[in-house]
Amino acid sequence: MSIHSVGHVDTIQIKLKKPQNRIRFSSDEKQKREMGRSLIFSGSMSMRITPLPRSSSLPLTNPFSFRTLVTRNFGHGLCSRISSSNIFKSTTTTTTLRTKAVVSNEVSDQKHYPRIGAKTTGPISPAHLLQVVEAAAKTGAEVVMEAVNKPRNITYKGLSDLVTDTDKASEAAILEVVKKNFSDHLILGEEGGIIGDSSSDYLWCIDPLDGTTNFAHGYPSFAVSVGVLYRGNPAAASVVEFVGGPMCWNTRTFTATAGGGALCNGQKIHVSNTDAVERALLITGFGYEHDDAWSTNMELFKEFTDVSRGVRRLGAAAVDMCHVALGIAESYWEYRLKPWDMAAGVLIVEEAGGAVTRMDGGKFTVFDRSVLVSNGLLHSKLLDRIAPATENLKTKGIDFSLWFKPQDYHTEL
């Protein structure tokens, strides 16, 4: 091993001798090998190392790191002051770890599913589009952060479907950013409905506060989600997740562009490599209507709880999908989500190396009424149970047609 200094960064060269003999598995280990991953390193491995805090491998930035400066009273764990800064100037530090490695053919029988991301971002560059998407999401998140420790003014859209003044204020702030930059784009917001020019190739899907019930209770699983479609396919996305809890709220920001990979706080992220259901942590969600679809998913919840490490129900779809992209959970599925629930999260999962389909296994669009995202390695195994259950719902007359698609919006779906 040799160490060379390049500026302030050390480069470590590690020489590894190739093994002389391949490992042979006994007959009773063959099944384990089928579920395993073999990683064969090349003759040398180069790593560039920059200092990181010991407390976390993926540190949280201050809320709205390129928009605000947050100071804390560490004696009480409070976010005590938020002041404005340059909205388009990022201060996030990126750490890169590069290894030369080859994955053997003995990995798994992973099936490749149709990609859902846009093939192009059209006349707007990916960088510019993402810059505005991220600014819009962080602007909405600033509104939420200001309200997170204050009393809630709650009203109801249904028997148990909450909406707060914060939902509305966050959406208004997001719309201002979008309209200022792209006045001719079409917008679909959870609270405001359809706004703008239906002849536009771009459709913004905005959830100003995903997980409103959690927010109302101060439970740390909610987010601001902004995704933009180009001709019906996700092109850029940002989700600002609120983490911590009362007296110690913070955020982390997920971003992605079609073909550009997925990031969390400016660092590349990737789905997990877990390829056995019994070693997987799964997530699902339940809607407000307790009908056959709700009952079917309750049965799926029970079945997968029996065979996996557990099934979580957190209550914020965008957050759930980002956790799959981050590699801390292996899959998430749910019936009857809306475009604003899914447009950002599905792109972030796909760009992190995951798979996205409908729950019957068909090609997904954000206007579909079911979604299954996973790390890819487990997708077919999950569909073995989820797809037949979904097909059975169709025989009962449950509607799975496209919904919330603006009538004159042009797509390439």
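A crossing of two helices is right-handed if the near helix is turned clockwise from the far one by less than a right angle. Keep that in mind for the second stop on this tour of a predicted model.

**Whole chain.** Select everything. The chain has 413 residues, and 49% of them count as buried. Color by secondary structure: there are 8 helices and 22 strands. Now consider contacts between residues at least 6 apart in sequence; 68% of these join residues at least 24 apart.

**Helices α2 and α3.** Select residues 126–147 for α2 and residues 165–181 for α3. Their axes come within 8 Å and cross at roughly 155 degrees. Angles over 145 degrees count as roughly antiparallel, so that is how α2 and α3 run relative to each other. The crossing of α2 past α3 is right-handed. Show side chains at the contact. From α2, pick V132, A135, A136, T139, G140, V143, V144 and A147. From α3, pick T166, A169, S170, A173, I174, V177, V178 and N181. This contact holds 11 nonpolar residues, 5 polar and no charged.

**Helices α6 and α7.** Move to residues 317–326, helix α6, and residues 339–351, helix α7. Here the axes come within 8 Å and cross at roughly 0 degrees. α6 and α7 are therefore roughly parallel to each other. On α6, select A317, A318, M321, C322, V324 and A325. On α7, select D341, M342, G345, V346, I348 and V349. The α6–α7 contact divides into 10 nonpolar residues, 1 polar and 1 charged.

Methods. Residues are numbered from 1 along each chain as its sequence is written. This is a predicted model: local features need pLDDT of at least 70, side-chain atom pairs count only at pLDDT 80 or more; totals for chains, interfaces and linings use all residues. Side-chain values use heavy atoms; hydrogens and water are left out. Helices (H or I, at least four residues) and strands (E, at least two) are DSSP runs, numbered from the N terminus. Buried means under 20% relative accessible area, exposed over 50%, partly exposed in between (1.4 Å probe, protein chains only). Contact means heavy atoms within 4.5 Å. Axes are lines fitted to C-alpha atoms, for helices over the stretch in contact, and angles run from 0 to 180 degrees between N-to-C directions. Angles under 35 degrees count as roughly parallel, over 145 as roughly antiparallel, 65 to 115 as roughly perpendicular and the rest as oblique. Ala, Val, Leu, Ile, Met, Phe, Trp, Tyr, Cys and Pro count as nonpolar, Asp, Glu, Lys and Arg as charged, and the others, Gly among them, as polar.
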